[in-house]
Amino acid sequence: MLKKILKILLVLVLLLAIGFWFFVRNNKPVYKGDLQLTGLQNKVNVYFDEIGVPHIYAENQQDAYTAFGYLHAQDRLWQMELMRRIAAGRLSEIFGEKMIKIDKFFLGLGIKEAALKDIKRIDTTSISYKMTKAYLNGINQFIEKGPTPVEFHLLGLEKEKYTIQDIYNVLGYMSFSFAMAYKTDPMLTSLREKLGDRYVKELDINFNPKSTLIYSYNRNSKKLAENISSSVNSLLKSAPVPQFIGSNSWVVGAKKTKNKKVIFANDPHIAFSQPAVWYQSHIVTPEYEIYGFNLALTPFPLLGHNRKYAYGITMFENDDIDFFEEPEGQNYKIRTETIKVKDGDDVTFQFKTGKNGPIVNDFVEVFDVDKDISMDWIYTKQPNEMLEVSYEISHARSLADFKKGVSKINAPGLNMMYGDAKNNIAWFASAKLYERENVENTKFILNAKNNKLKYLGFNKNPQAVNPRWNYVYSANNQPDAIDGRFYPGYYVPQDRAKRIVDLLKENNDIDLDFMKRMITDDTSSMIVSQLKVITKEISDVNLSKTEKQAMEVLKNWKGDYKKELTGPTIFNRFLYRFLYNTFADEMGEKTFKLYLGTYLAHRQIDKQIKRYKSVWWDDKATKDILENREEIFTRSFHEAITALEEQFGDDVSEWTWDKALSITHKHAFNEVESLKGFFNVGPFKTDGGNEVINNQIFTFTDTGEYEVIAGPSTRRLIDFSDVENCLAILPTGQSGNVFSKHYSDQAEKYLKGEFFKMKLNQEEIQSSKDLLVLSPKDSVK
């Protein structure tokens with residue numbers, strides 16, 4: 001009897017294994033064979049290279065974009081689904097009630113309404129619109145005939161066809177994700193009301209003329225507030241879609257390169273997730289070619305190159321959101337929205353909109369509120385032309401064409417980087433900039449009476465074209481002034497910018513190998529000077545043996561974030577205690593945690609360490625004692641070493657960075673314990689850290705364990721002296737399909753600072769064994 005039961009169980013296991021094998025086999029992306037698509041005029045040949053990048057050879061662009069839509073969907077349909085739902089307030093439909101707050105928040109922002117207005121303005125006769133429709137046609141054909149992603153099966157989710165509104169919703173989410181005002185302005189208002197101007201003035205909220213600037217060049221030329229910041233920050237952390245954070249890019253002119261041709265570098269910093277943010281493709285027609293990197297559900301690449309030019313982005317970080325305290329008694333426009341909830345009842349909300357924008361009280365949880373706060377956002381006030389912009393920059397025939405395209409960007413603010421085979425280099429800070437009358441500082445909640453603004457022409461935007469110093473760059477830092485005015489924003493500290501400039505300015509023999517080392521550089525430009533102040537200020541009289549050893553490590557550390565070093569571990573443990581002991585007593589625990597997540601905290605580090613006198617040094621918890629910098633440094637160092645001994649033991653040599661820092665590329669199913677091991681990629685150990693070129697971004701914490709949350713979403717190097725051998729890498733892989741061989745095949749090389757070739761050579765491309773032929777359906781009998 002037992003043998004019979006065992007045989008039955010064995011047969012069942014075998015049947016399950018066979019069934020799973022067939023399921024996997026039928027749900028993988030198709031990389032070779034023949035398919036038929038409607039809407040094609042001619043046959044399209046698609047060659048997949050060794051990392052799964054489709055090289056699309058078509059007779060015309062409409063066929064190319066139809067094919068691209070199909071291929072993009074077969075690798076990234078699940079990612080597209082998440083991206084179209086977040087701005088539209090539709091995550092609760094698939095994840096249930098835990099997403100209601102996020103849906104309510106994004107519905108309140110008004111992205112969906114702005115998208116509908118923008119769609120009404122579309123020129124349906126334009127080429128960009130026709131190519132977008134071809135792209136959507138390809139996506140929707142995959143929905144009809146392609147396999148359903150496993151995530152849809154697990155959630156019981158039915159596939160829906162995509163529309164142009166979905167694309168505009170994605171562009172809206174991108175615009176909001178770049179904005180920093182929602183994290184910062186309400187928090188600063190709260191601090192000013194709580195502590196007064198004396199404390200706030202020391203938080204480096206204004207421009208520092210002594211920091212490293214991006215130089216322009218033209219040859220012709222309250223409690224409520226605290227609740228808002230806290231609530232928005234908490235919501236966005238729980239969203240299953242990555243946020244856009246920062247970036248590096250530099251373009252080196254021919255006079256500074258070994259081969260006397262332009263070299264282009266770019267690595268946008270975006271929250272890590274799985275699938276990776278960018279999808280690579282190479283489109284070739286008789287009159288057009290582009291090797292591009294696309295966001296989910298976008299037809300035209302924001303990063304791209306061909307044999308003639310290259311372009312990329314970093315975040316401008318300009319201020320394009322202002323908050324206003326609304327007067328009482330005004331008549332609001334009321335909008336009603338209903339959120340469908342999986343396994344629950346529908347939920348209906350009402351949102352108010354005043355003259356200055358939506359009332360944030362309606363969609364952000366605040367307490368004890370007696371005033372309405374509105375949000376004035378450039379994105380919803382100006383036409384969104386990002387679809388047309390992305391078409392124009394990916395089809396530019398000259399630097400003038402490119403400039404014309406980027407001049408149409410209203411929001412989000414982007415630093416648009418450019419280099420070409422004719423040895424032109426350029427940087428344009430692209431956004432709709434404005435000035436407010438009678439407003440000294442827009443980083444606080446403003447009086448509604450001060451909502452008079454004047455828009456600036458694009459010629460007033462910071463920019464540089466072929467500067468005499470022969471390079472342009474951006475690292476999200478403060479741009480130079482134009483007309484004597486520094487534009488307000490949420491610019492990051494100068495650390496990465498200074499390192500980029502230090503590496504470029506004296507080197508006139510730059511080649512691709514140098515650029516490969518530079519784009520993975522992990523040395524801080526600021527830490528050594530900070531450590532000189534810290535180690536000199538801390539008295540060594542009462543240091544223990546372990547503390548003395550740790551002090552020697554800091555004195556000798558060069559500021560490089562290598563896995564095998566102990567300096568990064570000691571410094572970052574000290575840094576948290578230093579920030580906590582300096583600011584938490586005045587700010588309070590809740591606001592201090594918010595502060596750590598803003599650009600202000602990172603900008604303040606260098607200035608506060610080197611500031612001998614400060615209102616922040618005194619600890620409010622110690623009555624009748626007035627602390628100074630030395631006491632805060634010493635206390636923080638003692639606390640840090642004690643914590644490290646508890647974490648790793650008293651052998652300082654064991655406190656290596658690889659034991660403290662880790663990175664996991666998390667799937668949307670990360671919160672499901674039984675699934676995250678299957679869908680996540682990682683964990684891994686990595687070099688890098690905060691505010692180095694290899695910017696592995698983590699949140700300051702007292703645990704001594706640092707989880708990388710964001711970093712280079714791709715690394716790209718384009719050398720116009722050898723354009724067929726340009727290089728790139730993604731953090732995980734090209735495909736978002738967990739059954740694909742390209743789901744995570746780039747992860748290990750990415751961590752090692754290695755690259756894959758971005759192939760342009762037709763003979764090399766067509767030697768691939770993975771050929772997918774797409775034929776017009778109507779032509780097949």
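Visitor: Before we dig in, what counts as buried, exposed or partly exposed here?

Guide: Buried means under 20% relative accessible area, exposed means over 50%, and partly exposed is in between, with a 1.4 Å probe and protein chains only. This is a predicted model, where local features need pLDDT of at least 70 and side-chain atom pairs count only at pLDDT 80 or more, while totals for chains, interfaces and linings use all residues. Residues are numbered from 1 along each chain as its sequence is written, and side-chain values use heavy atoms, with hydrogens and water left out.

Visitor: Great. How many salt bridges are there in the whole structure?

Guide: A search of the whole structure gives 46, a salt bridge being a side-chain nitrogen of Lys or Arg within 4 Å of a carboxyl oxygen of Asp or Glu.

Visitor: Which residue does Arg335 pair with?

Guide: Arg335 forms a salt bridge with Glu113, and their closest N and O atoms are 3.4 Å apart. Arg335 is buried at 16% relative accessible area, whereas Glu113 is partly exposed at 22%.

Visitor: And what about Asp619, where does that one sit?

Guide: Asp619 bridges to Arg635, with the closest N and O atoms 3.0 Å apart. Asp619 is in the loop between α21 (599-609) and α22 (629-648) and Arg635 is in helix α22, so the pair ties together parts 16 residues apart in sequence. Helices here are DSSP runs of H or I with at least four residues, strands are runs of E with at least two, and both are numbered from the N terminus.

Visitor: Is Asp619 buried or exposed?

Guide: Asp619 is buried, at 9% relative accessibility, while Arg635 is partly exposed at 25%.

Visitor: Which residues make up the salt-bridge network?

Guide: Glu81, Arg84, Arg85, Arg90, Glu93, Glu160 and Asp166 are linked. Within it, Arg90 and Glu93 have closest N and O atoms 2.9 Å apart.

Visitor: Switching topic: what order do the strands of the open sheet with β11 take?

Guide: The order is β11-β12-β13, with antiparallel pairing; two strands pair if DSSP finds at least two bridges between them. The edges are β11 (333-339) and β13 (357-358), each pairing on one side only.

Visitor: How many bridges join β11 and β12?

Guide: Seven, with β12 spanning residues 347-354.
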